[in-house]
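Q: Could you take a close look at the aromatic pairs and the residues around them, and walk me through what you find?

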Amino acid sequence: MFDASWMTRALVISAQIVMTPVLITTYFIKPTAMHRFVGYLEETAIGTYSNIVEKAETPGTKLHTAWNELPAPDIAKSYWNLSRDATWVREASLAAPLPPPPRAPLHGTAEDG
C-alpha cells in the first residue's frame, strides 16, 4: 500500500484528539446534528469508495499499480465465497453489498422533526 509520512500520521492523530471530544459534546447537546453529520459522512464515503475503485481499475494510476493485482483478504474470500485467486478491487470490492439508498432525507427529517 502507501506509506504515510510522519506529518500525515501526526495530522491524523491530532485531528482524532481534537474531534473526538467535539463530536461527543455535539452529540450530547444536539443529537440530530450528529445524525445529519453521519449522513454526510456516509454520502462522502460512497463517493470516495467509488473513486478509489475507478482509479484502481484505470491503468497508469498509482492505485492501479498498487492495488489492481492485490489479493483479496482471506476473510473476504471466505465471507463472500470468492475464489482463491480473487483480487481486492475486482472481486472483493464488487462482492460487497451495495449500500442502502442515500439516507440524507432521513437524517434531514430527523433533524427537522
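A: Happy to! Let's start with accessibility: buried means under 20% relative accessible area, exposed means over 50%, and partly exposed lies in between (1.4 Å probe, protein chains only). This is a predicted model, in which local features need pLDDT of at least 70 and side-chain atom pairs count only at pLDDT 80 or more, while totals for chains, interfaces and linings use all residues. Residues are numbered from 1 along each chain as its sequence is written, and side-chain values use heavy atoms, with hydrogens and water left out.

Now the rings. Those of Phe, Tyr and Trp (its six-membered ring) pair if their centres lie within 6.5 Å; planes under 30 degrees apart count as stacked, over 60 as edge-to-face and the rest as tilted. The structure holds three aromatic pairs. One of them joins tyrosine 27 to phenylalanine 28, edge-to-face, at 6.4 Å centre to centre with 65° between the planes. Phenylalanine 28 is exposed, at 67% relative accessible area, whereas tyrosine 27 is partly exposed at 43%. Another edge-to-face pair is formed by tyrosine 79 and tryptophan 80, with 5.3 Å between centres and 85° between planes. Here tyrosine 79 is exposed at 64% relative accessibility, and tryptophan 80 is partly exposed at 31%.

Back to tyrosine 27: methionine 34 touches Tyr27 along with Leu23 and Thr26, not counting residues up to four places away in sequence (contact means heavy atoms within 4.5 Å). Methionine 34 is buried, at 12% relative accessibility. From leucine 23, methionine 34 is 11 residues away in sequence and 7.5 Å away in space, C-alpha to C-alpha.
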